[in-house]
Amino acid sequence: MKFKLKAICAATLYAPAILALADNGLASYKPVTDERLKNPEPANWLHYRGNYAGWGYSPLEKINDKNVNKLRLAWSFSTGQVEGHQSPAIVNNGYMYITTPGAQTIALDAKTGAELWRYKKEISSELLQLHPTNRGVALYGDKVYVATVDAHLVALDAKTGKEVWTKPVGDWKALQYITLAPLAAKGKIMVGSSGGETGVRGFVAAYDAQTGAEAWRTFMTPAPGEPGGDSWPGEMYKTGGASIWITGTYDPATNLAFWGTGNPAPWPIHLRKGDNLYATSVVALDVDTGKMKGYHQYHQHDAWDWDEVSAPLLIDTTVKGQPRKTAVHAGRNGYLWVLERTNDKINFLDAHKYVLQNVFTSIDAKTGRPSYDPAKTPGTAGAVKFCPSLWGGKDWVPEAYNPKTKLFYIPANNNLCSELPAADKEVPYKKGDLYIGYPIDGVLGSLRWENKDAPKTIGEIQAWNISTGKQAWTHKFPTHLWGPLMTTGGNLLFAGGTNDRMFRAWNATTGKVLWETTMPSGVTGVPSSYEVDGEQYVAVQAGWGVDAQRMQSGVDALLGNKVQVPQGGVLTVFKLSK
Amino acid sequence: MNDCDCKNAPTDPTPRRRVIRLAAAGVAIGLGGIGSAPARAAPTKDDRLVADDVQGEPVALRPADLTPGKPLLAFAFDPKTKEVRNTSRLHKLVLVKFAESELDAETKQRAAGGVLAYSAICTHQACEVKTWVAKEKALVCFCHASKFLMLEKAKVADGPASRALPSLPLALKEAQLVVAGTFSAKPGPG
């Protein structure tokens, strides 16, 4: 009797542990806390950009500049979708999450690539998708958060994929949509909305991570009477754009999240006299309240569709010999902006032109405010050509910072211009329709070379020393570049982004190409790196589309040829061969 | 890729999440389905046409209301009840006008007074196709620049769409444009 009881007790004691492992072979899910997000373990990639400061940096060094030539495919996974695959692989102790076009979130075993679960939000067949993509999940607590192309925010159980709650954030019938990865901090999940070409009034909204209750919503275009409200005429702020479609960076010391804002709407400037705050700016929002604590407008009264949505990287360094807490942003407007972040202000420190740029005639040394060449400013008078192109020196694809090399890396496009025809005199707003204000065939066919002949190179990876304001090295590509960057403690820089479907690794200090491999499709995914059971991996999604494809069409039209980049999403994970 | 209006979709119009454990089961489900509201709202034989921004009682379009080179967005409406079939944007039409001499034999059969009707919803990602490219007699989609040749059954000439725009045959009745059949294929992506 006694023996039997003992055996039963022993079995009962051991049973729960066995159950947990038997589920998917992984250890139980470790909740993602504020502390872990502030100091993520090197083995994990918990954020869109690896850390709150937006560096796109992995401290891992097992894969390094001495052995990266031995990198080979560990496993790959077909997503079942076409179009641009942009999300990084987010990893928490062996649990990996990617998102794809088609409103999919997929959980995988980061070591083996086994699928754990899949969530696909049901999207109305009436939805039109200007940007059919998604840039990834946020992790917080025991949940995974994803925003969707029909403007919802969804919370899923990280282990099972079961939906916990879904909240509407915007109106998809008004062509509000969300592609960014949410930002998670201090119990809040924060998102913005796209729609700078559809008359959205830009905003950041924060939701309670547990309940999904909306905590605050801060609009990016102020009404009359609000601070900055006099920078818009009449009621134009209501459909003023300044949309937010890339994840913010966050400084826990000041509790401020830094968000980049998009273009003002509509495009023709005669319809919205004034600086049009806070479009084409960086804004600092208090995460508890949503209150705007500071801002810097990179360029006022935008006429070139130069969204400044990339959030600035937060880097503590010296600038002009002085220690500064900086916020650094490679602008779509073709300038590298070095700003200072404080508790309640964002100050201008310096700016460096990094691509062909013929619009700004000067930049105020104190405020950073540019002056414009009127001959390069589109409007109603006639066609105007300007450089860089509508896509700018750098579009949404993220820069990276390596604290060991102390270099700031920019994925740029140089030697490109645009020509816009005369603007429409009136641009009526109609819900669910485009709200641009230039003839659409003129916009679609706007890409130009600077001169008659095609440039020898377009895409560039530029490495800058922020303290000295000098370029350390530049790698030039004959094609355009749409490659998000990742840099590592192993002195490496990884990027895809070219129409030759290559994924490459550079020596992060010297810029020498050390490794490259041909991928199933062009790579516009954000790379990430992680470690499981002592082995380091590099992960990236291949899957060409969206604006990389749009720019390809423009380049093809100028060259009179047609480059076919195959479609099809594949998540690829690399490790060192033994 | 966008969802399809799959025939085996549930008729519950409320979008619901789907958690799928197996890799193969990723079929998305739209809001429409056989017998549901959007399907009943499809253009029907004998319908007349009206501009998509109609206010008040619809007035039937005639060929003379269109100009070559200026596409017009439209919906069908029931000539008896005057109900405009615009509950789903998937049934929006784009009308283009040509000289009859430009039309080949097949195209002429579904034209009325030189006017052709097609689905206005891009077969790539459901954006509206309404921008005219005169040089190529094509319509181009503003989202991702898919180009459709309007004298060649709206076949795809460029861009990421993989399917021509579905056509809708027209006829003339008392000088009015009249729907003479159904869409040649399902409108929208998929």
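**Architecture of the predicted two-chain model**

Of the 190 residues in chain B, 44% are buried, a residue being counted as buried if 20 or more other C-beta atoms lie within 10 Å of its own, as exposed if 12 or fewer do, and as partly exposed in between, with C-beta atoms placed from the backbone. The model is a predicted one, in which local features need a pLDDT of at least 70 and side-chain atom pairs count only at pLDDT 80 or more, whereas totals for chains, interfaces and linings use all residues. Residues are numbered from 1 along each chain as its sequence is written, while chains are lettered from A and ligands numbered from 1 in the order in which they are written.

For the complex, the predictor gives an ipTM of 0.86 together with a pTM of 0.91. Chain B has a mean pLDDT of 84, with 79% of its residues reaching 70 or more, where pLDDT is the predictor's confidence in each residue, from 0 to 100. Residues 1-35 of chain B have a pLDDT below 50, and beyond near neighbours in sequence this stretch has 79 contacts in the model; two residues are in contact if their C-beta atoms, placed from the backbone, lie within 7 Å. The secondary structure of chain B consists of two helices and 12 strands, helices (H or I, at least four residues) and strands (E, at least two) being DSSP runs numbered from the N terminus. Along the sequence of chain B these elements follow the pattern β-α-β-β-β-α-β-β-β-β-β-β-β-β. Among the contacts in chain B with a separation of 6 or more, 53% are accounted for by residues 24 or more positions apart.

Chain A contains four helices and 38 strands, and buried residues make up 58% of its 578 residues. Residues 24 or more positions apart account for 62% of the chain A contacts with a separation of 6 or more. Taken along the principal axes, the C-alpha atoms of chain A fill a box of roughly 95 × 50 × 50 Å. The radius of gyration of chain A is 23 Å, which agrees with the value near 25 Å that a compact globule of 578 residues would have; this radius is taken over C-alpha atoms, and the globule rule is 2.2 Å times the number of residues to the power 0.38.

Two open sheets of chain A illustrate its strand pairing. In one, four strands are arranged in the order 7-8-9-10 with antiparallel pairing, two strands being paired if DSSP finds at least two bridges between them. Strand 7 (138-140) and strand 10 (163-168) of chain A stand at the edges with a single partner strand each, so one side of each is left without a neighbour in the sheet. Strand 9 (residues 152-157) of chain A is joined to the antiparallel strand 10 by five bridges, and Leu153(A) stands opposite Lys167(A) in strand 10. In the other sheet, which is also open, four strands of chain A follow the order 19-20-21-22, again with antiparallel pairing. Its edges are strand 19 (313-319) and strand 22 (346-353) of chain A, each with a single partner strand, so one side of each lacks a neighbour in the sheet. Seven bridges connect strand 19 of chain A with strand 20 (residues 322-330), the two running antiparallel, and the bridge partner of Ile315(A) in strand 20 is Thr326(A).

Strand 38 (residues 570-576) of chain A has five of its seven residues buried, so it is largely enclosed by the rest of the structure. Strand 38 pairs in the antiparallel sense with strand 2 (residues 71-78) of chain A over seven bridges, with Phe574(A) as the bridge partner of Leu73(A). Strand 37 (residues 535-542) of chain A is likewise antiparallel to strand 38, over five bridges, and here Gln541(A) has Leu571(A) as its bridge partner.

Helix 4 (residues 546-559) of chain A has 14 residues and should span 20 Å at 1.5 Å a residue, which agrees with the 20 Å between its end C-alpha atoms; the expected span is 1.5 Å times one less than the number of residues. The buried residues of helix 4, including Val546(A), Ala548(A) and Met551(A), pack against strand 29 of chain A. Just after this helix, Gly560(A) takes a positive phi of about 70°. Ile458(A) lies in the loop between strand 29 (447-448) and strand 30 (459-465) of chain A, and counts as buried because 22 C-beta neighbours lie inside 10 Å. Residues up to four places away in sequence aside, Ile458(A) touches Asn413(A), Asn414(A), Asn415(A), Leu416(A), Phe477(A), Thr479(A) and His480(A).
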